[in-house]
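Q: Hi! Could you walk me through this model, piece by piece?

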Amino acid sequence: MLSKSMRPLAITVLLTLTGLSSLIANDGPLKVFILSGQSNMQGHAHVSTFDVIGLDPKTVPMLEEMVDEKGQPRVLENVWISSIGSSDEEKTGQLTAGYGAEKRGPKIGPEFTFGIYMEKQLNEPILIIKTAWGGKSLHTDFRPPSAGPYVLNEGNIKQLKAKGKDIEAEQAKRTEASGHYYRLMMEHINKVLGDIKRVYPEYDASEGYELAGFVWFQGWNDMVDGGVYPNRYQPGGYDAYSELLAQFIKDVRKDLSAPELPFVIGVMGTGGPTKLYRKDRYKGVHQNFRDAMAAPASLPELKDNVAAVLTENYWDMELEELRHKESEIKQQIKEIRKKVKQGELSKQAGNEAEQQLYDETFTERENTILKDGVSNFQFHYYGSAKILGQIGKAFAETMGELMQK
């Protein structure tokens, strides 16, 4: 199936400005990368948030890679993508903005900058296969085959009985749902690999392809499920997730006949580093889950070709501080809107009063960040292209390091 993908590649290692090596392959199989997960792999960063990237000197170079000379999202000539789950139908074509979650788009997920920075390292054509569905768990939806079907635990059964549910029927439903999205993922990967020219018309079948890496970015639905993880507030409360993820990695490699497939885990990081949380309510559970997500990368049998990327490191702390400051004037804004509703202020006067309040509280730059830097909820990384762009870039750089090994 892999054609000539197992033959040695002639690789030249060059030092780049980022400190990573650039792998220049003269000829050889097409590099294929698989990106999978739930809503944050889909990506909810609207293109309207791109300009804010240019307000931070540290991310200006990234923005320059993301847009063309007219300031529009780049279309990558050598990176092709097939994506399912982010839209109602499969989307294929040259990578650009718009392969994120489709609703109220165009949006990007990590795939955009992953493709940009992966291409910079490899300097050759790339194919990305993206399979991402919002609101899906590893414990059931993406459950790996070797784990067997999910079995209702005592807590689940107690909750279901309290609701008057038929336990046998509920277990049957859970058994049927177990691994459904794992199977959909594999079906799509095999569909694309079985006819690559459908997605990448210039594919040279005589050269074949190489499964070059897998990126996993998921976690929210497992993190918030107290029924599946009843001890989640305690250290080790998510050990079952670590075990499942390790099984997932092994099963993916087995099913794709790629035993050494480099694997990058995108560790959940919404809210930023837990040590910087303003409130302690979720600090423990969030850190416990992040530790569990990263754990497979330290297992002796996986550590050489599995790496964890802490996405908390790319959280926009300036935006976080501004949002907190904004919350302090919310009551005043409510009062203004109440007066408009009651007819004490015209709609125009109300808007002007709100704008004046913002102008008095924030600088022009800060107002721009608040207005244009957010396009979605906090659990979707604020729908910020600055955050998701850096995450995709980190995925590519980490993947490059694994490939060099």
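This is a predicted model: local features need pLDDT of at least 70, side-chain atom pairs count only at pLDDT 80 or more; totals for chains, interfaces and linings use all residues.

Q: Which residues touch the most other members of the largest nonpolar core?

A: Phe114, Met185 and Phe248 do, in a core of 109 residues. A nonpolar core here is a set of buried Ala, Val, Leu, Ile, Met, Phe, Trp, Tyr and Cys residues joined through side-chain atoms within 4.5 Å. Buried means under 20% relative accessible area, exposed over 50%, and partly exposed in between (1.4 Å probe, protein chains only).

Q: And which helix gives the most to this core?

A: Helix α15, residues 385–404, with nine residues. Helices (H or I, at least four residues) and strands (E, at least two) are DSSP runs, numbered from the N terminus.

Q: Is α15 largely enclosed or open, and why?

A: Largely enclosed by the rest of the structure, because 15 of its 20 residues are buried.

Q: What caps the N-terminal end of α15?

A: Ser384: one of its side-chain oxygens lies 3.3 Å from the backbone nitrogen of Lys386.

Q: How do α4 and α15 cross?

A: The axes of α4 (residues 111–122) and α15 cross at roughly 35° and come within 7 Å. Axes are lines fitted to C-alpha atoms, for helices over the stretch in contact, and angles run from 0 to 180 degrees between N-to-C directions. The contact (heavy atoms within 4.5 Å) includes Phe114 and Tyr117 of α4, and Gly392 and Phe395 of α15.

Q: Back to Phe248, what does it touch?

A: Setting aside residues up to four places away in sequence, Phe248 touches Leu138, Phe142, Pro144, Tyr182, Met185, Phe214, Trp216 and Phe263.

Q: Which residues of α7 and α9 meet?

A: Tyr182, Met185 and Met186 from α7 meet Phe248, Asp251, Val252 and Asp255 from α9. Helix α7 covers residues 180–194 and α9 covers residues 239–255; they pack at about 30°, with axes 12 Å apart.

Q: New topic: where is His44, and is it buried or exposed?

A: His44 sits in the loop between α1 (39–42) and β4 (45–46), and its relative accessible area of 12% makes it buried. Among its contacts beyond four places in sequence are Ser39, Lys107, His380 and Leu388.

Q: Which residues have backbone values worth a check?

A: Tyr381 has a positive phi of about 55° although it is not a glycine, and phi of Tyr382, also a residue other than glycine, is near 60°. Tyr381 lies in the loop between α14 (364–372) and α15, and Tyr382 is in the loop between α14 and α15 too. Tyr381 is buried at 0% relative accessibility, and Tyr382 is buried at 4%.

Q: And where is the cis peptide bond?

A: A cis peptide bond joins Gly105 and Pro106, with omega about 5°. Pro106 is in the loop between β6 (91–94) and β7 (107–108).

Key: Residues are numbered from 1 along each chain as its sequence is written. Side-chain values use heavy atoms; hydrogens and water are left out. A polar contact is a pair of N or O atoms within 3.5 Å; within protein, one must be able to donate a hydrogen and the other to accept it, and residues adjacent in sequence count only if both atoms are side-chain atoms.
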